[in-house]
Every structure is written in structure tokens, then in C-alpha cells.
Amino acid sequence: MAASESTASTRVRAGGATVRQAKLQDAVNIFELVNSLSGDGTLLRRSYADICENVRDFSVAESESGIFLGCGALHLYGPHLAEVRSIVVKPEAKGQGAGGRLLRALIDEAENQGVLSVCMFTRIPDFFFHFGFRVADRTTLPDKIYKDCQACPRLYACDEVAMVRGPLPRIAVLGPTRIAQPELVKLQVGHIAHPMEESGLIVPEGSGSSVTKR
Ligand SMILES: CC(C)(COP(=O)(O)OP(=O)(O)OC[C@H]1O[C@@H](n2cnc3c(N)ncnc32)[C@H](O)[C@@H]1OP(=O)(O)O)[C@@H](O)C(=O)NCCC(=O)NCCS
């Protein structure tokens, strides 16, 4: 059932919701549900093409009879950081455990990938507190900022809280898009090392050495 077909008066039993990896056939439901909450900034707007391209990031929750209840995505920045994105449950299925199961599945997926740091920006931190997330300074998450915030119309009026589960990432891999080699941009929060720096291929400025290669 497409998200647009549902109404608040139609109660969907989500108590026995199961969560599975999304398939391309789920993309329309995901697109409609995510964008139904993008107008007020609850979720980032995502194009249909973007959802199809990244459908392997998504998990979906469905009822025992296979009705689509909600979705959530895990974006991998790298071994240092993943992000929960586009997590949402249909209004008529809220409060019955589907959202929690989706979030748990995304956390498990991050752990299966060996990623301990999971972040997101949200207006409802209380939901994420239930699952071990804590509020973080957003400048500790430069990858997220470079991926989404730079192009966001709310850049200077953001009302979202940055949250992290697990350790803060020690490295970052994204930089401003106008710079040709973003991986060489030195990030500002304390010192967040580039992965090549950690491996000894780059020596940070001010350490007495210029860029070195082994
Ligand atoms: C947030 C959302 C996905 C939760 O889904 P849900 O199916 O209603 O959540 P669950 O029923 O699995 O709740 C799990 C737990 O979180 C709690 N919880 C749910 N929504 C909450 C909220 N908005 N604030 C605080 N706690 C919340 C529940 O009470 C429950 O706690 P319990 O285990 O102690 O009983 C859903 O409300 C939603 O789609 N919201 C709109 C989209 C949104 O804001 N997404 C987050 C963007 S970052």
C-alpha cells in the first residue's frame, strides 16, 4: 500500500512488525513516506532517483500481512562513522514498536559492518536516547555537515540536535565540495585525522614535516 493511500483513521497493526532489507520495489513507498515529512523539515527531502540509487541502505518494516509500515536507512561514511537517515513510520502505525525495530536493525547493521560510531541529526532526541544515543557537538561530525548541511536552506537556523551512539569519530573523509581534493582539507575540531594521516601517508601541518609518502 502506498503511503498516500493511508489515513490517520486506518489503524495498521504494527505490533508484530518485521524488518527486512529494502528492495527496489519498496522505493515508491519509501519515497512517498519520507517526502510526506520533508515539507516541515522533519526529514530531508529525497528524490525518487536518490532513493533508488541508495535503496540498499534502506530497511523497511512491514506488518504480518506484508503491509509497508515504515523505513530507515544507514549511510556508511566509512569504518569511522555511519548515519541513520530517513527513519519514519506511517502515522497509523506509530507507537507499536516498528520504529524501534527499524532503528535496532540499522544499529545492528552498522555493528555488522564494524562501525561503532553512529550519528544522526534530529528534532526528537528522546526517541534516540532509548537506543543509546547521546547529544553531541555537531562540529564533531564534519562528514555529516559536509554531506548535507552545506546545501541546506536551514544551515544558519538549524533546529536539529546532533546525536551519536558509540565513540566520536576520530577521522573525517569529506570536505567542502568546491575544493578539488577534499580529502586533504584539515578539519577544525581539535584535530580530526584523515585516514591516510593515521596510516602515515600524510603528516599533519605544524608537525614539522610536509606531506610524506612511504
Ligand atoms: C520516531 C518514530 C520513527 C518512532 O517510531 P514508533 O514506531 O512510533 O516508535 P516505537 O513504538 O518503536 O517506540 C520505541 C520507543 O521509543 C519511544 N518513542 C517513540 N517515539 C518517541 C518520540 N517522538 N519521543 C520520545 N520517545 C519516543 C516509545 O515510547 C518507545 O519507548 P519504550 O520502548 O520505552 O516503550 C516515529 O514516531 C516517526 O515516524 N516520527 C516521524 C519521523 C521522525 O521524526 N523521524 C526521526 C527523524 S531523525
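**The sheet and what surrounds it**

Mentor: This is a predicted model. Its 7 strands make an open sheet with mixed pairing, in the order 1-2-3-4-5-7-6.

Trainee: Which strands stand at the edges?

Mentor: Strand 1 (18–21) and strand 6 (134–135). Each has a single partner strand, so one side of each is left without a neighbour in the sheet.

Trainee: And which helix packs on strand 2, strand 3 and strand 4?

Mentor: Helix 1 (residues 27–36) touches those strands, and its direction makes about 90 degrees with that of strand 3. Helix 3 (residues 98–112) runs at about 25 degrees to strand 3. Helix 3 lies across strands 1, 2, 3, 4, 5 and 7.

Trainee: Strand 3 keeps coming up. How many of its residues are buried?

Mentor: 8 of its 11. Strand 3 runs antiparallel to strand 2, with 5 bridges, and antiparallel to strand 4, with 7 bridges.

Trainee: What's in the turns?

Mentor: The hairpin of strand 2 and strand 3 has 5 residues between them, and G66 there has a positive phi of about 85 degrees. From strand 3 to strand 4 the hairpin takes 2 residues.

Trainee: Switching to the ligand. Which residues come nearest?

Mentor: K94, G99, G100, T122 and D126, of 19 residues around the ligand. T122 also has V161 in strand 7 as its bridge partner.

Trainee: How does the shell divide?

Mentor: Into 9 nonpolar, 8 polar and 2 charged residues. Strand 4, helix 3, strand 5 and helix 4 (125–129) each supply at least two residues of the shell.

Definitions and conventions
Residues numbered from 1 in each chain as written. Predicted model: local features only at pLDDT ≥ 70, side-chain atom pairs only at ≥ 80, totals over all residues. Pairing = 2+ DSSP bridges. Helix = DSSP H or I, 4+ residues; strand = E, 2+ residues; numbered from the N terminus. Contact = placed C-beta atoms within 7 Å. Axes fitted to C-alpha atoms, helices over the stretch in contact; angles between N-to-C directions. Near = placed C-beta within 6 Å. Nonpolar A, V, L, I, M, F, W, Y, C, P; charged D, E, K, R; others polar. Buried ≥ 20, exposed ≤ 12 C-beta atoms within 10 Å, placed from the backbone.
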